Number of protein chains: 2
Amino acid sequence: MAITTFRSNVKVQDGFTLKCDNNNGNHVIFDEPEAMGGKDLGMNPCEGLLSSLGACQTMAGKAFAKARGINLNDIWVEVEGDIDLSGFMGAEGVKVGFQEIRSTIHISADNTEEEIQDFVRFIERTCPVGDTINNPAKIVAIPNVIK
Amino acid sequence: MAITTFRSNVKVQDGFTLKCDNNNGNHVIFDEPEAMGGKDLGMNPCEGLLSSLGACQTMAGKAFAKARGINLNDIWVEVEGDIDLSGFMGAEGVKVGFQEIRSTIHISADNTEEEIQDFVRFIERTCPVGDTINNPAKIVAIPNVIK
């Protein structure tokens, strides 16, 4: 299978209110709470990262349950992650991003507990977003100075 | 500064259509294109990850421009990333997640090119989502078997 390239084009709407387009008809709005200077018209990007992880795990679970012999009744995922925001504010020696991310994968299925535990491990290793966070992609930042 | 914990609660609405709530009044919808079995009611989680990265870089740029001596007129970010989906489909030895992520940070500012290039490097290292992808968080997956 060839490489698939995914895209997002992020533009400022107003203040911290941002519109992210996938160039394919869909978008998300990210913002900051009023206490952080935003208008609270969307979740913030850190919550966006957690959402994409939980959604990717949920989709992997839905996509592969049947093939893995799981009679899935329901799946939902609660994700939480810890950041020391003093790193963002410039404190030396403090990790800027998430220090720990906890993903609770709730599964209701007509299977044994062991089969479900195995399936959760399968979801973990099969989720592209999770893999990207666990096994860093090469990230290239390209400045484009507008004159 | 204390640790801040961010959250997202991901539930299936229908098929691959997922609603992700930050438990604070905001949500995003993720879905898959019809060709992937979805209803195309939202971007997919991989595009969500790229969006959260681009949005986080944009916000870091907006938040710190003045303090860094940048007279910012505009900033927008185009993010793209490559995945070989055969990894997701189970091919051995293929990275499941993004192999490379390219983020083009467009900046219009009344500054020299060198000052703007420096500012882009500042944005790169100050963006919590980018740091999370570059310097992996500890990710813990907790199965919860519903009986």
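Predicted model: local features only at pLDDT ≥ 70, side-chain atom pairs only at ≥ 80, totals over all residues.
Residues are numbered from 1 along each chain as its sequence is written, chains are lettered from A and ligands numbered from 1 in the order in which they are written, and side-chain values use heavy atoms, with hydrogens and water left out.

**View 1. The contact between chain A and chain B.** Chain A gives 103 residues to the contact (heavy atoms within 4.5 Å), and chain B gives 103 residues. About 9400 Å² is buried between the chains, 64% of it from carbon and sulfur atoms; buried area is the accessible area (1.4 Å probe) that two parts lose on being put together, summed over both. On the chain A side, the residues that lose the most area to chain B are Phe6(A), Met59(A) and Ile139(A), together 8% of what that side buries.

View 2. Helix H1 (residues 45-64) of chain A supplies the largest share of the chain A side that touches chain B, 17 residues. Helices (H or I, at least four residues) and strands (E, at least two) are DSSP runs, numbered from the N terminus.

**View 3. A mixed sheet built from strands of chains A and B.** The open sheet has 6 strands in the order E3(A)-E2(A)-E1(A)-E4(B)-E5(B)-E6(A); two strands pair if DSSP finds at least two bridges between them. Its edge strands are E3 (27-30) and E6 (138-146) of chain A. Neighbouring strands are turned by 20° against each other on average, direction ignored. Strand E1 (residues 3-14) of chain A runs antiparallel to strand E4 (residues 72-84) of chain B, with 8 bridges between them. Within this pairing, Arg7(A) stands opposite Glu80(B), and Thr4(A) is opposite Ile83(B).

**View 4. Chain B strands and the helices packed on the sheet.** E4(B) pairs with strand E5 (residues 100-109) of chain B through 10 antiparallel bridges, where Gly81(B) faces Ile101(B). Helix H1 (residues 45-64) of chain B touches E1, E2 and E3 of chain A together with E4 and E5 of chain B, and its direction makes about 155° with that of E4(B). Helix H2 (residues 113-126) of chain B touches E6 of chain A together with E4 and E5 of chain B, at about 135° to the direction of E5(B). Axes are lines fitted to C-alpha atoms, for helices over the stretch in contact, and angles run from 0 to 180 degrees between N-to-C directions.

**View 5. The hairpin of E1(A) and E2(A).** These antiparallel strands are joined by 5 bridges, and Asn9(A) has Asp21(A) as its bridge partner. The hairpin has 2 residues between the strands, and Gly15(A) takes a positive phi near 60°.
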